[in-house]
Amino acid sequence: MRQVPATIARGTATAPSPGLADAWAHPLLGRILRGRSARRRLDQRHPWVLDTAVVLVVALLSLPDLLSHSRHGPFGDPTDRSHLPMPVLVAFAIALVVPLWWRRRAPAATYWVISAVLLAQWSLGVWQQPGMAALIALYSLALHGSLRALGWAAALTAAQLTLAVARLVPVEHPFLGLFFLMGTTTAAIAIGLTLRIRRLYLAALEDRATRLEVEQDQRIRLTTAAERTRIAREMHDIVGHNLSVMVSVADGAATLAASRGETSADALRILADTGRQAMSELRRVLGVLREERGPEEDERLLGPQPGIRDLDALLTRVRAAGLPVTYRTMGDLDALGSGVQLTVYRIVQEALTNTLKHAGPGATADVTVIKDTDTVHVTIADTGAAAGARSGDAGHGLVGIRQRAAMYGGTVALGPRAAGHGWLVDVVLDVPPGDHQP
C-alpha cells in the first residue's frame, strides 16, 4: 500500500505555496533565496559582522577621495581643503564612518552624530566622500528607528542641505546640486520605509500563520475530545450490557448452586456483587458523559449498538444517496466482540460519509473487511476526484477513525490512492482472542 506522509496521516498537512516552491526549484532564484536565508541566519547569530562590514565598505570607498587631495566637490565645483591639515580631514572621516557601527542598535543617535559632524565640516567649506554615511544613517533610521525621529531627521536634513548649498559650500550649479542631494536623501528614506513595511507585512503573515496553526491544533484537540466522548458513551453501553449479562448469569448460577447445596454458591454471589459494583462505578465515572447527551441521542442509544450485520443496512442507505458501493468480507466477522464490531462499523460509516462529502458526482467506493487470526483489516477506497480537499481535513470523521483504531492498538493510513484519483482509508485493528464473542 502507498505510504502517506505523516503530516497527512495526522490530518495537519499544509502544502507549500506553488510559486515559492517553483522559485526554490529554479537554479538562479533558488540560489539567491538560499543565499539570502543563509545571510539572515548569520546576521541573527552574529549581528556585529554586518555592522562591521558596512563600516569597512564606507571607509574603503572614502579612502581614495581622502588621499587624492582633490580640489573638486561633488558637482565639479572647486573646494579648497588645503587650509585644513590631513589629520583634521581624517578625523572628520572617522567621525562620519565609525558611528555607522551602531546604526541598527541606536539609529537616531547615529544620525544625530553624523549630522552634527557634517554640519561642522560644511561650515569649514569642505565636501568629503564619507558624507555618504548620512544617507546610510537615514536609511537605518527609516528601517529601525522611531518614525517621529525620522520626521525630524528628514526636516533637519533638508534644512542642512539647503543651507550647505546656498551658503556654506561653494557649488557651481546650486539648483542641480540641491536636487541631486534631495533626491538621494529621499531615496534613502524611501528604501528604508519600504523594507520596514515589508518586514511588518511578513511579521503579520507569520503571526497569522502561527495563530492559524494554533487554532487548527485547538480545533483538532476539541474534535478529538468530542470523538473520545462519543466513543466512551458507546463503549459504556457495550460494557454495561456485558456486565449486566455477567451479573445475571452469576446470580442464576449462584441460585442454582445454592439449591443443590454446592459450595460454589458463595463465590458466585461474590462474582455477582463485584459485577454490580463495577456497573455502579462505571455509571458514576461516565455519568457526566451521559448527562451531556440530548433526549434524542438518549432515545437512539437505548437500542443495541450497531455491528457487522448492520453494515448491509448502512451500505443500502449510502447507495440510495447516490454512491455505488462494493462490499467484500473475509473470515468469521460475527465471532468478533461487540466493541470490535462497533469500531469496524463506525470506521466504515465515517469513511463513506467523508466520501459522500468530498468525492463528488460519479465516484464509486469499495469496502473490504478481512478478519485474520488476531487482526481485522478494514479498507475503504473511493474514486473521487477531490482527494486534495481531504488532505487537510481535521473533521470529526477522520479524527474518529484514528481514535477508534487507537483503542485496539491499530494502525491508520489516510491519503490519496496510488493511482492519483480518489481517497484511501486503510485500518488494521489488533484483535486478541479475548475480543471475540464467547
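Guide: In this predicted model, aspartate 334 forms a salt bridge with arginine 309, with the closest N and O atoms 3.2 Å apart.

Visitor: Where do aspartate 334 and arginine 309 lie?

Guide: Aspartate 334 is in the loop between β1 (325–330) and α13, and arginine 309 is in the loop between α11 (295–301) and α12, so the pair ties together parts 25 residues apart in sequence.

Visitor: Is arginine 309 buried or exposed?

Guide: Arginine 309 counts as exposed because its relative accessibility is 64%. Aspartate 334, at 35%, counts as partly exposed.

Visitor: How many salt bridges does the structure hold?

Guide: The structure holds four. One of them joins aspartate 51 to arginine 105, the closest N and O atoms being 3.9 Å apart.

Visitor: Which parts of the chain does that pair link?

Guide: It links distant parts: aspartate 51 belongs to helix α4 (residues 47–68), whereas arginine 105 sits in the loop between α5 (86–97) and α6 (107–123), 54 residues apart. Aspartate 51 counts as buried, at 3% relative accessibility.

Visitor: Now the core. Which residues have the most contacts inside the largest nonpolar core?

Guide: They are Leu352, Val376, Val378, Ile380 and Leu429, in a core of 34 residues. Its largest share, seven residues, comes from α13.

Visitor: What is leucine 429 in contact with, leaving aside neighbours within four places in sequence?

Guide: Its contacts include Thr343, Val344, Ile347, Val376 and Tyr408. There is also a second, separate core of 27 residues, which includes Val58, Phe92, Trp122 and Ala164.

Methods
Residues are numbered from 1 along each chain as its sequence is written. This is a predicted model: local features need pLDDT of at least 70, side-chain atom pairs count only at pLDDT 80 or more; totals for chains, interfaces and linings use all residues. Side-chain values use heavy atoms; hydrogens and water are left out. A nonpolar core is a set of buried Ala, Val, Leu, Ile, Met, Phe, Trp, Tyr and Cys residues joined through side-chain atoms within 4.5 Å. Buried means under 20% relative accessible area, exposed over 50%, partly exposed in between (1.4 Å probe, protein chains only). Helices (H or I, at least four residues) and strands (E, at least two) are DSSP runs, numbered from the N terminus. Contact means heavy atoms within 4.5 Å. A salt bridge is a side-chain nitrogen of Lys or Arg within 4 Å of a carboxyl oxygen of Asp or Glu.
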